[in-house]
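Hi,

Here is the structure I promised to pass along. Have a look at it first, and my notes on what turned up follow below.

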Amino acid sequence: MRAFVEEAAKSAERKMRMIASLPDAHVALTLLKFCAGFVSVVHLMRAVGAVFDFACIDQATQSCLATITGIETDASAWALASLPVRLGGLGLHSCADTAAIAHIAATFDGEACLPSLVTPYVLPHAMLLDEDDTFLASLEDPRLAPFESVLEKIQNVLQARDNYGGRGQKVWSATVHDERRKALLISMTEELGRSGRLQGSALALKQVQVRARIQSCSAQHASAWLYGNAEADPRLWLSPAELAVAIRLRLGLPIAPMPSICRLCGTGSADVDGVHARSCFSGGRRTRMHNALRDVIADFARRGLLAPAVERPVFSNTERKRPDISYVRDGTTVVLDVAVTFPLQPSNPQYAKRAAEKPGGAATAYATAVKE
């Protein structure tokens, strides 16, 4: 069995090396996510669990990501990359951290099928979990020790023999991922304090920005760009340079070797984290982004036969108040205002605080301020 698993692991590593050699980085990243790494050995993890160390697959996945994007991830960045996309990661799940859960869930799933496969006389001796060495090794995997809530759920299943209707692996993995993100946020903010590079209010703001960044990446549709869309406009696939910058920003890695003076405004410091670059008022970038978003929404309204008007005055008392989009429905004029907020902007730290509390917090705070 071990020889078979080792050969399968080597085959998975060869597949990732082939994917990393593709000329289109965005397509290669998509293949890595959906066709290699974790997904290519999940059936093996369910079969052998923690008996085999799947860390070699994780190392190959990390190496493949580095080759595709040109980014060498540190421990914190890789821990974030291995989280699900819904939690702000890249969805490159860790095999080593999941193998035990996968095997435990598969064992329970198999036990649930036994009554329909064997006779009642064989059943009492067919599945003795307390004598299954592979099952016990997975149950005692030290990687599960920090997750008491998961272990408690597993013990409940052991007693009640309720395997969540075959969804045990999904339920337990989701709990582990949630707990890992909480621990990662704490360790990342504490690391900022230990580094000594920032002090006082600057340190407090940076710690809030870290949480705000990850929370914002967890918002609904915030990751729609990450793995492309086979049916979308080809222009929506990112170039290698664009992909590398986007991944760096998502993982909190620097996009420049050192800070410099902003070439657009000439006054602001273009920091290595790209905060100023994304919030600078000069250069027209904010206006172009606003107009592009406005036009997309107007196009959807047009497809819905709402006959939208773009920036047309609808208020008789003044010509200056022009809504971004307006249309008439059932005799009522509906107006829409489009705004693009940046949760990490240093000029308004309240946005970062709200964004750190929940996904979309900065946008909600801006909308509330506008209404008031």
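**A buried arginine, and what else is in there**

R250 counts as buried, at 3% relative accessibility. Before going on, please keep in mind that this is a predicted model. R250 sits in helix α12, which covers residues 240-251. Leaving out residues up to four places away in sequence, R250 touches L80, V85, G88, G89, L90, R213, C217, A222, S223, W225 and L226. One of those, S223, is 27 residues from R250 in sequence, with the two C-alphas 9.7 Å apart in space.

Another arginine to look at is R211, in helix α11 (residues 200-217). R211 and K358 are 147 residues apart in sequence, yet 9.4 Å apart from C-alpha to C-alpha.

**The chain as a whole**

The protein chain has 16 helices and five strands. Of its 372 residues, 38% count as buried. If you take the contacts with a separation of 6 or more, 58% of them are between residues 24 or more positions apart.

Some of the spacing in it is what you'd look for on a helix: an α-helix has 3.6 residues a turn, so residues three or four places apart point the same way. Just after α4, G70 takes a positive phi of about 75°.

Now for its partners. Helix α1 (residues 2-20) packs against α4 at an angle of about 5°, with the axes 9 Å apart. An angle under 35 degrees counts as roughly parallel, so α1 and α4 are roughly parallel to each other. On the α1 side the contact uses A9, A12, E13, M16, I19 and A20, and on the α4 side C56, I57, A60, T61, C64, T67 and I68. By type, the residues of this contact are 10 nonpolar, two polar and one charged.

Helix α2 (residues 25-35) also packs with α4, here at about 165° and with axes 10 Å apart. Over 145 degrees counts as roughly antiparallel, and α2 and α4 are therefore roughly antiparallel to each other. The crossing of α2 past α4 is left-handed. A25, A28, L29 and L32 of α2 make the contact with T61, C64, L65 and I68 of α4. Seven of the residues in this contact are nonpolar, one is polar and none is charged. If you go back to α4, you'll find T61, C64 and I68 listed in its contact with α1 and again in its contact with α2.

Then there is α1 with helix α3 (residues 38-48): the angle is about 160° and the axes are 10 Å apart. That makes α1 roughly antiparallel to α3. α1 passes α3 in a left-handed crossing. Here F4, V5, A8, A12 and K15 in α1 meet S40, V41, L44 and V48 in α3. The contact of α1 with α3 has seven nonpolar residues, one polar and one charged.

Most residues other than glycine have a negative phi. Which residues here have a positive one without being glycine? A307 does, with phi near 50°, and D330 does too, with phi near 55°. A307 is in the loop between α14 (285-303) and β3 (309-310), and at 63% relative accessibility A307 counts as exposed. D330 is in the loop between β4 (325-329) and β5 (332-336), and at 77% relative accessibility D330 counts as exposed as well.

Cheers

Conventions: Residues numbered from 1 in each chain as written. Predicted model: local features only at pLDDT ≥ 70, side-chain atom pairs only at ≥ 80, totals over all residues. Heavy atoms only, no water. Axes fitted to C-alpha atoms, helices over the stretch in contact; angles between N-to-C directions. Helix = DSSP H or I, 4+ residues; strand = E, 2+ residues; numbered from the N terminus. Parallel < 35°, antiparallel > 145°, perpendicular 65-115°, else oblique. Left-handed = near helix turned anticlockwise from the far one by under 90°. Contact = heavy atoms within 4.5 Å. Nonpolar A, V, L, I, M, F, W, Y, C, P; charged D, E, K, R; others polar. Buried < 20%, exposed > 50% of the residue type's maximum accessible area, 1.4 Å probe, protein only.
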